[in-house]
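Please read it alongside the sequence and the coordinates shown here.

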Amino acid sequence: MPIQWFPGHMAKAKRLMAEQLRGIDVVVELADARLPVSSRSPVLDELARNKPRLLVLTRADLADPHCTERWIERFQREGVTAVAVDARTGQGLRAFKRALDAWVQAKRDRLRARGIEKVVTRGMICGIPNVGKSTFVNQLAGRAVARTGNLPGVTRSLQWIRVGHTELLDTPGVLAPKLADDEQGLKLAASGAIKEEIFEASEVCAYVLAYLSERYPDALTRRYGLRVDKPIAWTTIQEVWPAVEPWFEQIGRARGALVAGGAIDEERVAKTVIHDLQEGRLGPVSLEWPED
Ligand SMILES: Nc1nc2c(ncn2[C@@H]2O[C@H](COP(=O)(O)OP(=O)(O)OP(=O)(O)O)[C@@H](O)[C@H]2O)c(=O)[nH]1
Ligand SMILES: [Mg+2]
């Protein structure tokens with residue numbers, strides 16, 4: 001999985017965020033509920049190691065609810081307060097507000113004990129591209145103050161939004177310049193965090209099909225009529241290709257994704273599957289589990 005995913009605007013965003021951090025009381029980190037490890041913000045450990053942090057798992061509506069519950073327990077055990085939300089509908093927002101209010105109140109009380117009246121709390125919303133930061137900010141504000149869109153890289157500058165006694169800073173999505181491994185890249189691409197132009201759709205699709213064949217074989221049968229006799233264990237695209245190619249064929253024919261001459265349009269098939277996953281048409285799917 002190649003090339004440019006740390007473009008200039010991400011480096012700049014990181015610089016601007018670092019400049020703002022001194023005045024920030026709490027960091028609100030957004031990660032994707034379907035991949036709560038691979039989608040964690042790579043910049044916070046470097047920039048904001050000592051700031052209190054609340055973790056918000058977005059797209060909980062697309063994730064496997066049992067899996068999300070277990071992630072939240074796991075984070076809780078590690079001392080991290082985590083809440084699951086659907087930022088589009090606002091589901092889960094009350095739990096977040098409770099967690100934030102509890103934190104703000106504790107901070108006020110501590111300061112008051114030292115004779116300081118703190119009126120405004122400042123929070124920074126951080127996370128990888130397209131995870132739902134601006135949508136979440138809009139939900140909190142109760143109106144569309146920040147621009148959103150289903151593409152990574154919509155927000156390009158820092159924007160303050162006032163919500164009650166809290167000021168929140170919406171920030172652009174930032175990825176790590178280098179990923180831990182190929183699989184992290186594949187999951188991020190599948191989730192929508194990486195621009196489509198810079199990954200190989202067929203490889204991401206093959207990864208998704210293999211993963212689903214192991215964890216959610218019924219989803220493949222329901223959506224595409226595939227018969228999963230034996231799950232495919234993902235290794236590399238070269239190794240799994242002979243096993244997934246017949247599925248590409250079958251999906252391509254069923255969908256009429258063909259090129260002149262009658263062969264299937266591999267890229268179109270791949271994008272169909274990826275979009276189906278991203279839009280929840282395969283049912284709720286989690287790509288990472290605490291026990292893995
Ligand atoms: N299903 C679902 N979709 C969501 C959720 N949160 C955000 N979205 C959608 O995801 C897309 C990206 O949302 P944004 O709020 O623009 O994401 P962002 O993190 O601000 O993205 P950048 O500014 O590009 O870094 C939009 O199409 C949202 O409608 C969620 O919890 N569930
Ligand atoms: Mg945004």
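Is Asn150 buried or exposed? Asn150 is exposed, with a relative accessible area of 52%; exposed means over 50% relative accessible area, buried under 20%, and partly exposed in between, with a 1.4 Å probe and protein chains only.

The model is a predicted one, in which local features need pLDDT of at least 70, side-chain atom pairs count only at pLDDT 80 or more, and totals for chains, interfaces and linings use all residues. Residues are numbered from 1 along each chain as its sequence is written, chains are lettered from A and ligands numbered from 1 in the order in which they are written, and side-chain values use heavy atoms, with hydrogens and water left out.

- Asn150 is found in the loop between helix 5 and strand 5; helices (H or I, at least four residues) and strands (E, at least two) are DSSP runs numbered from the N terminus.
- Not counting residues up to four places away in sequence, Asn150 touches Arg59, Asn130 and Glu279, where contact means heavy atoms within 4.5 Å.
- The side chains of Asn150 and Asn130 make a polar contact at 3.3 Å. A polar contact is a pair of N or O atoms within 3.5 Å; within protein, one must be able to donate a hydrogen and the other to accept it, and residues adjacent in sequence count only if both atoms are side-chain atoms.
- Asn130 lies in the loop between strand 4 (121–127) and helix 5, is buried at 12% relative accessibility, and has a positive phi near 70°.
- Arg59, in the loop between strand 2 (53–58) and helix 3 (65–77), is buried with a relative accessible area of 19% and has a positive phi near 55°.
- The C-alpha atoms of Asn150 and Lys107 are separated by 36 Å, although the two residues are 43 residues apart along the chain.

**Ligand 1**

- Ligand 1 is surrounded by 23 residues, of which Asp61, Ala87, Lys133, Thr135 and Gly153 are the closest; a residue is near a molecule if one of its heavy atoms lies within 4 Å of it.
- A polar side-chain atom of Thr135 lies 2.5 Å from an oxygen atom of ligand 1.
- The backbone also takes part: a backbone N or O atom of Asn130 lies 3.1 Å from an oxygen atom of ligand 1, and a polar backbone atom of Val131 is 3.2 Å from an oxygen atom of this ligand.

**Magnesium ion (ligand 2)**

- Ser134 (OG) and Thr155 (OG1) coordinate the magnesium ion at 1.9 to 2.2 Å. Donors are N, O and S atoms within 2.8 Å of the metal (3.2 Å for Na, K and Ca); water is not among the atoms, so sites may look incomplete.
- This pair links distant parts of the chain, 21 residues apart: Ser134 is in helix 5 (residues 133–141) and Thr155 in the loop between helix 5 and strand 5 (159–163).
- Ser134 is buried, with a relative accessible area of 7%, and Thr155 also counts as buried, at 14% relative accessibility.

**Domains and nonpolar core**

- The protein is divided into domain 1 (8–170) and domain 2 (200–278), with bounds from an automatic or database domain assignment.
- The centres of the two domains, taken over C-alpha atoms, are 35 Å apart.
- In the largest nonpolar core, which has 92 residues, Phe96, Phe136, Leu209 and Phe248 touch the most other members. Such a core is a set of buried Ala, Val, Leu, Ile, Met, Phe, Trp, Tyr and Cys residues joined through side-chain atoms within 4.5 Å.
- Helix 7 (residues 201–215) gives the largest share of this core, ten residues.
- Both domain 1 and domain 2 give residues to this core, so the core lies between them.
- Among the residues that Phe248 touches are Leu209, Trp241 and Ile264.

**Helix 6**

- Eight of the ten residues of helix 6 are buried, so that the helix is mostly covered.
- These buried residues pack against strand 1, helix 7 and helix 10 (266–278).
- Lys187, in helix 6 (residues 182–191), counts as buried at 11% relative accessibility, and among its contacts are Leu35, Tyr207 and Glu288.
- Asp181 caps the N-terminal end of helix 6, with a side-chain oxygen 3.2 Å from the backbone nitrogen of Glu183.
- Gly192 follows helix 6 and has a positive phi, near 105°.
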